[in-house]
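Hello,

Here is the structure I promised to pass on. Please open it first, then read the notes below.

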Amino acid sequence: MDELDQLNPQQHKAVTADDGQVLVLAGPGSGKTRVLTYRAAYLIRKKGVPPYNILAVTFTNKAASEMKTRLESLVNEPVRDIWLGTFHAMCARLLRREAQYLPFTSNFVILDSDDQQTLVKRALRELNIDEKVHRPASIHAAISFAKNNLQGPRDLPNRSYRDEIVIRVYERYEQLLVENNGVDFDDLLMLAVKLLRENSEVCCKYARRFEHVLVDEFQDTNVVQYELLRLLSSQHHNLYVVGDEDQSIYRWRGADYRNVLRFEKDYPRCHKILLEENYRSTQNVLDVARSVIDRNANRTRKKLFSERGAGNPILLYEAADDRSEAGFVVETIQQWLQAKKAQGGDYAIMYRTNAQSRLIEEAFLAAGLPYRLVGAQRFYGRREVKDIIAYLRLAQNPKDELSLVRVVSVPPRGIGDKTILNLQQLAQNAGLAPGEVLLDLGRKGSDSPYWEAFGGRSSRLLADFGSLLDEWNRSIDKVSLPALFDRIVTDIGYQRYLENSGDEDQERWGNVVELRRLAFEYQEQGLTPFLENLALVSDQDTLPEQSNVPTLLTLHAAKGLEFSRVFIVGLDEGLLPHSRSRDDPEEMAEERRLFYVGITRTKDQLYLVRADRRSSFGEFEFSQPSRFLDDIPDKLLKREGARAVRRTTYSWNSFSSTPVPTTTRPPAEAKPLPEPRYRAGMRIRHAGWGEGMVIDSRVQDDGEEVLDVAFESVGLKRLLASLAKLEILQK
DNA sequence: AAGGCCCTTCTTTTT
DNA sequence: GAAGGGCCTT
């Protein structure tokens, strides 16, 4: 462990801290995760703690596997038996092991958010509650909130009709979960805590085992997770947490950065260590970050500093609309790539909402530039992927009614709504899951007691499907996961089904093949770990391996990552901060932290981008600059774009025909501008795009000349004269 | 039973 | 501007 020498004094102090409770408060880029990894290595190598006795909790699976790799290289040998993973994965593991104490069997399924929503809707319908008045999403949010506070239906206040509804839906929802042999995300945590609380034997078993508990991203733990940590460290009391209040961005999921304060209160003898030196960003980036975050209250002020020097100024580009916002991003990247001053992997484009990625993707596609998009939803949310996963889930857990209903007519097999309804009612009366009735029909055919309940045709069809299901279910332990996968896909004729379903069938089949590839990676571990992983993948986990292309991601997904050159787009009121946060100071503070997280991902160059108009709803709407921009001192910003050149745009609205100038900002500073080299009407040649005609040329405040050129090959492009190598063909 | 069409209704962030 | 729900036809 000579590697300890590579740490700065603060980091060294943190890594070698004594046993007991340790709170490491660390600014962005200060080597937080590094400290955590070194701490684990230090415990193993210097303190002789067996990995078996260590529990390390990270925020994503990706972070976990990276930590494991780094840990192994630090201690120079494979690290087995350590528990290293996310809260959810860790709880799933614990619950499967201890399933005997639960109303579930150990092959329980983890429901995704769609499933959860479906169950809530079913509960609402059964209880005859109007979905228009009581939105499933909002009821589900209330249930989730309760679970995150360790409250069951009967622990909730019942003071209004609305309370009453939440309680009744919650109760039915819980029953439905048990009937499906399924748990939701919140249950994973809540059931684990309940088990540890109520069963001291089980609690002791784990608390004895985990001599050391290490936690990353502690600021984003919620009440349940906090309690879980308390219980798991209740024997040895060695709890080591690392976090940064300023980067807490999951309040809406129950996370509470005040857990940091609570930690100090609950463990008054805890050792508190600050890491303030930033190894990532230039001082300019840090100064901008600080000007934004210092407006928040309730935090340990950290004086972030960097030895990297001031660096480049931060660029603020104000585009006319969201299309040209996307155009600016892609063209800027393209120019730097062509000038060989940067490479694709240096870049990240961050945004508040997933919907914003669309225009940017389109701009990348139009420019013929590759990119990668972070987001599990993109792949796992696809219909074909969900279909196959549902079949696998059903094979593993025939009680999974949600999956059964999903796949029963995909591809169509003559079983319709009416028959399914009959099946469900019959099953309910028999005290079974529909899947179990189906299995019985499949095995016994016309000898099954349920055969008579359906018309002859329906009985036959159900029995056929039931016997397929039976075969899949039996083969789980006999054949490999890829073999089971292939068998299901063949048995249901999925490829032919896709081909007959028309458009996009190639792409769809491609996704099925990709899912099969993933299944192949799990052939050693088998179906249950595979399904569990599918349920618990985080967006970051789906980040394709380094391919040196720009990355598109939400600000949330950017947490814990770093990039040389970062664009944060959509810096408009209503988007960042998001309109849903407008009325709540706590939420507004969180939007600010979110912006802060984005800024501090930057190593070298930060671009802040916004647009005067953007289409939300399919309609254009005018937008105002984000209030957060006002908090950045002018001297740290270099302005570009429509506003910077004082091009007045006019807005119109339905109330008045009078044009309203929307340009309000004074120019950064008034000084004579150099003459443009290019004029409208010139014919030019570009190295990549060939010949084109200059449509517009203007010089910005900073002296950069910006051209709009119509190319014969690729159409209209905006470029910087200083970067693009242009040849003037005709004046 | 199944597929197609038009209607609304939203749109934060995600384990 | 997409996705789901309801209603229609075959």
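At what angle do the axes of helix 12 and helix 25 cross? The angle is roughly 175°, and the axes come within 9 Å. Helix 12 covers residues 283-293, and helix 25 covers residues 585-599. An angle over 145 degrees counts as roughly antiparallel, so helix 12 is roughly antiparallel to helix 25. On the helix 12 side, the contact uses Val285, Val288, Ala289, Val292 and Ile293. Helix 25 brings Arg592, Arg593, Phe595, Tyr596 and Ile599. By class, this contact has 8 nonpolar residues, 2 charged ones and no polar ones.

One caution before the rest: this is a predicted model.

**The whole chain**

Chain A has 26 helices and 25 strands. Its C-alpha atoms fill a box of roughly 90 × 65 × 55 Å along the principal axes. The radius of gyration is 29 Å. A compact globule of 731 residues would have a value near 27 Å, so chain A agrees with that expectation. Of the 731 residues, 56% count as buried. Now take the contacts between residues at least 6 apart in sequence: 73% of them join residues at least 24 apart.

The crossing is right-handed. Helix 5 makes the contact with Gln116, Leu119, Val120, Arg122, Ala123, Leu124 and Glu126. Helix 7 answers with Val169, Arg172, Tyr173, Leu176 and Leu177. By class, that gives 8 nonpolar, 1 polar and 3 charged residues.

**Lys147**

Lys147 sits in helix 6 (residues 136-148). Is Lys147 buried or exposed? Its relative accessible area is 0%, so Lys147 is buried. Beyond its neighbours within four places in sequence, Lys147 is in contact with Tyr170, Tyr173, Glu174, Leu177, Asp184, Asp186, Asp187, Met190 and Val224. Tyr173 and Leu177 also belong to the helix 7 side of the contact with helix 5.

Asn181 is in the loop between helix 7 and strand 5 (182-183). Its phi is positive, about 50°, although Asn181 is not a glycine. Asn181 counts as buried, at 3% relative accessibility.

Pro398 lies 217 residues from Asn181 in sequence. In space, the two are 9.2 Å apart, C-alpha to C-alpha. Pro398 is in the loop between helix 16 (383-396) and helix 17 (401-407). Its relative accessible area is 12%; the limit for buried is under 20%, so Pro398 is buried. Leaving out residues up to four places away in sequence, Pro398 touches Gly435, Glu436, Leu439 and Asn473.

**Backbone points to check**

- Asp81 has a positive phi of about 70° and is not a glycine. Asp81 is in the loop between helix 3 (61-75) and strand 3 (83-86). With a relative accessible area of 51%, Asp81 is exposed.
- Val410 and Pro411 are joined by a cis peptide bond, with omega about -5°. Pro411 lies in the loop between helix 17 and helix 18 (417-430).
- Leu576 and Pro577 are joined by a cis peptide bond, with omega about 5°. Pro577 lies in the loop between strand 15 (563-568) and helix 25.

Best wishes

Methods. Residues numbered from 1 in each chain as written. Chains lettered and ligands numbered in written order. Predicted model: local features only at pLDDT ≥ 70, side-chain atom pairs only at ≥ 80, totals over all residues. Heavy atoms only, no water. Helix = DSSP H or I, 4+ residues; strand = E, 2+ residues; numbered from the N terminus. Buried < 20%, exposed > 50% of the residue type's maximum accessible area, 1.4 Å probe, protein only. Contact = heavy atoms within 4.5 Å. Left-handed = near helix turned anticlockwise from the far one by under 90°. Nonpolar A, V, L, I, M, F, W, Y, C, P; charged D, E, K, R; others polar. Rg over C-alpha atoms; globule rule 2.2 N^0.38 Å. Axes fitted to C-alpha atoms, helices over the stretch in contact; angles between N-to-C directions. Parallel < 35°, antiparallel > 145°, perpendicular 65-115°, else oblique.
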